[in-house]
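Good morning, and thank you for making time for this item.

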Amino acid sequence: MSLALLFKDELNGFYRSKVMIALWIGLPALALLLFYAVPSSTSGLSVAAFASVIVSVIGGTISSVMLAVTIINEKERKVYDLFFIRPIHRWELVIAKFLAVLLCVVVAGMLAVLIGLGLDTARLGTLPPAIGETIANSLLITIGMIGITTSASALIGIASPSVLVGVIAVLYGSNQVAGVVILPYLTAGFSPLVSFAVAMVVTAVMLAIACVYFERKQM
Amino acid sequence: MADNGLVVLSNVSKSYRNVVALRGVSLELRRGETFGYIGPNGAGKTTTIRIMVGLLGKYSGDVTINGVPLQGNKEKVNRMLGYVPQKAAFQEWRTVDQALSTFGRLSGIPRSEIDAKIAATLERIGITEVRNRKVGALSGGTLQKVGLAQAIMHEPELLVLDEPVAGLDPESRYHFKELFRDFRKEGKTVFFSSHILSDVEDLADRIGILSAGQLVHVGTMEELKEQARVGKQVSIELSMDQGAMVALKKVEGYVSVDNIALNRFIVHLEQSTDLDAAIHELITELIAQGSRIRSISAVSPTLEQLYVNYLAKGVHQ
């Protein structure tokens with residue numbers, strides 16, 4: 001019961017935040033702008049695939065920084081005290097935050113892919129070939145990358161002593177870790193499904209470490 | 001220790017790296033009592049409270065709540081307590097309603113009852129108008145009231161409050177004190193720390209004094225007076241002073257005299273002094289010396305005087 005309640009609660013907080021609104025509207029717009037303004041950099045890619053990559057890279061960065069900073073601030077202000085004195089497990093709070101951010105960014109990614117798909121259809125006059133596969137691959141990569149950055153950011157937020165350290169660690173840490181998904185896919189021709197599976201394992205491990213650390217941390 | 005204590009701390013010690021915050025604190029909180037916890041800054045009051053509510057682990061000694069050991073049973077124990085931290089902090093995106101709804105639900109209030117509970121609690125505390133306001137837009141005092149609301153909404157048996165009236169305006173402080181009296185009538189057990197000693201004196205059935213991590217006194221005001229050996233005091237106001245200071249020093253058991261205002265004196269006497277005899281002697285001396293007395297009476301030492309005296313003497317249990 002607590003986890004469902006906390007998840008709903010965190011979702012309520014995240015989806016209405018300015019960062020998430022920027023993510024949902026700004027990122028698909030930015031993806032389109034880049035696609036049409038710099039056509040040479042996107043040759044061979046569909047709008048849907050390009051938008052998906054943009055959202056997972058930029059959106060993943062923004063949302064992971066936001067998550068880490070939120071946790072650090074709430075920790076410093078002792079916001080969690082009023083949760084911890086109630087009959088809940090600390091890990092439920094970590095999982096709730098992780099799922100809320102993940103869901104928000106995944107929705108942003110899906111929006112971007114759908115808009116891209118609409119534009120691809122308009123451009124080609126028909127649905128692009130292998131449309132189902134394109135969408136599935138884009139989503140798998142997006143979710144995989146965002147899963148890693150978000151879980152790493154949760155861990156960084158819990159462990160960081162200050163916002164500055166947290167932001168630096170997210171920018172130079174969690175986003176680099178997310179490369180384990182996108183690089184084999186883009187450069188070595190790995191199947192998106194394999195990349196996604198690797199991402200889920202990495203995500204689960206980091207989330208487990210974050211939960212255990214949060215349970216034991218003296219605040 | 002008797003076994004009817006709602007909260008029992010047995011030989012609790014806690015260190016932060018090389019700094020010892022608590023040294024072997026043993027304390028029993030009786031059911032239905034209001035317990036005031038005082039001590040200088042850094043004495044360990046907040047550490048005691050954070051251990052008591054399960055926020056701090058890694059301490060030595062035992063803590064039981066309602067007979068249940070705190071370590072390993074936090075979930076069970078947490079259902080029966082309400083806690084107000086020194087500075088209640090909430091996620092700033094929430095409205096008061098959202099904050100109370102979440103904390104109420106997490107404390108076990110059914111969804112069907114939550115709206116009515118929030119309304120009743122806010123009304124009781126006198127802040128119904130802030131229900132739909134964002135927490136981030138509230139003043140410090142109002143936030144503290146919301147902090148109290150989240151602590152009492154689920155009607156816990158035990159209330160633990162860390163300096164609950166610090167930062168409140170006089171009217172709110174008065175209202176908080178009235179609420180404390182209501183809690184006592186309802187049979188709730190209240191443990192609170194405060195630096196406002198007049199409030200502690202007003203509200204607490206028993207008082208604990210903490211100094212440098214050690215509990216140096218636990219008892220009622222009367223027991224505190226007895227143990228602190230502050231001595232007795234007589235307040236005198238004269239309408240005409242003809243060298244009263246000289247006359248006052250002649251009384252049996254004289255220790256010192258404070259000239260607190262024009263023609264007003266507090267005479268400090270030894271603990272063993274017979275007050276009636278001393279007052280009679282003071283009147284005789286003053287009249288003989290030519291002063292005119294407007295009023296003379298025995299006065300009780302305040303908690304503040306006792307506290308300062310207690311810490312200065314370093315009296316230990």
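This is a predicted model: local features need pLDDT of at least 70, side-chain atom pairs count only at pLDDT 80 or more; totals for chains, interfaces and linings use all residues.

Let me start with chain A. The C-alpha trace of chain A spans about 60 × 35 × 35 Å along its principal axes. Of its 219 residues, 43% count as buried. If we take contacts in chain A between residues at least 6 apart in sequence, 83% of them join residues at least 24 apart.

One element of chain A deserves a separate word, namely helix α6, residues 131-159. Does its length agree with its residue count, or disagree? At 1.5 Å a residue, its 29 residues should span 42 Å, and the end C-alpha atoms are 42 Å apart, which agrees.

I turn now to chain B. Here we find 11 helices and 14 strands. The C-alpha trace of chain B spans about 75 × 45 × 35 Å along its principal axes, and 39% of its 317 residues count as buried. Among contacts in chain B between residues at least 6 apart in sequence, 69% join residues at least 24 apart. The domain assignment divides chain B into domain 1 (5-226) and domain 2 (231-300). How far apart do the C-alpha centres of these two domains lie? The separation between the centres of domain 1 and domain 2 of chain B is 43 Å.

Next, the nonpolar cores. In soluble globular proteins, nonpolar side chains tend to be buried together. In this model the largest nonpolar core has 72 residues, and Val7(B), Val53(B) and Val160(B) have the most contacts inside it. Leaving aside residues up to four places away in sequence, Val160(B) touches Ile49(B), Met52(B), Val53(B), Leu81(B), Tyr83(B) and Phe191(B). Another core, of 58 residues, lies apart from that one, and includes Ile135(A), Val170(A), Leu207(A) and Ala210(A).

Lys45(B) belongs to helix α1 (residues 45-52) of chain B. Is Lys45(B) buried or exposed? It has 24 C-beta neighbours inside 10 Å and therefore counts as buried. Residues up to four places away in sequence aside, Lys45(B) touches Tyr37(B), Gly39(B), Ser193(B) and Leu210(B). Its C-alpha atom is separated by 17 Å from that of Lys58(B), 13 residues apart along the chain.

Finally, the contact between the chains. Chain B contributes 22 residues and chain A contributes 18 residues. On the side of chain B that touches chain A, α2 (74-78), β6 (81-84) and α3 (96-106) each supply at least two residues. Of the elements there, α3(B) gives the most, with 4 residues. By class, that side of chain B has 11 nonpolar, 7 polar and 4 charged residues.

That concludes the tour, and I welcome your questions.

Notes. Residues are numbered from 1 along each chain as its sequence is written. Chains are lettered from A and ligands numbered from 1 in the order in which they are written. A residue is buried if 20 or more other C-beta atoms lie within 10 Å of its own, exposed if 12 or fewer, and partly exposed in between; C-beta atoms are placed from the backbone. Two residues are in contact if their C-beta atoms, placed from the backbone, lie within 7 Å. The expected span of a helix is 1.5 Å times one less than its number of residues. Domain bounds come from an automatic or database domain assignment. A nonpolar core is a set of buried Ala, Val, Leu, Ile, Met, Phe, Trp, Tyr and Cys residues joined through C-beta atoms within 7 Å. Ala, Val, Leu, Ile, Met, Phe, Trp, Tyr, Cys and Pro count as nonpolar, Asp, Glu, Lys and Arg as charged, and the others, Gly among them, as polar.
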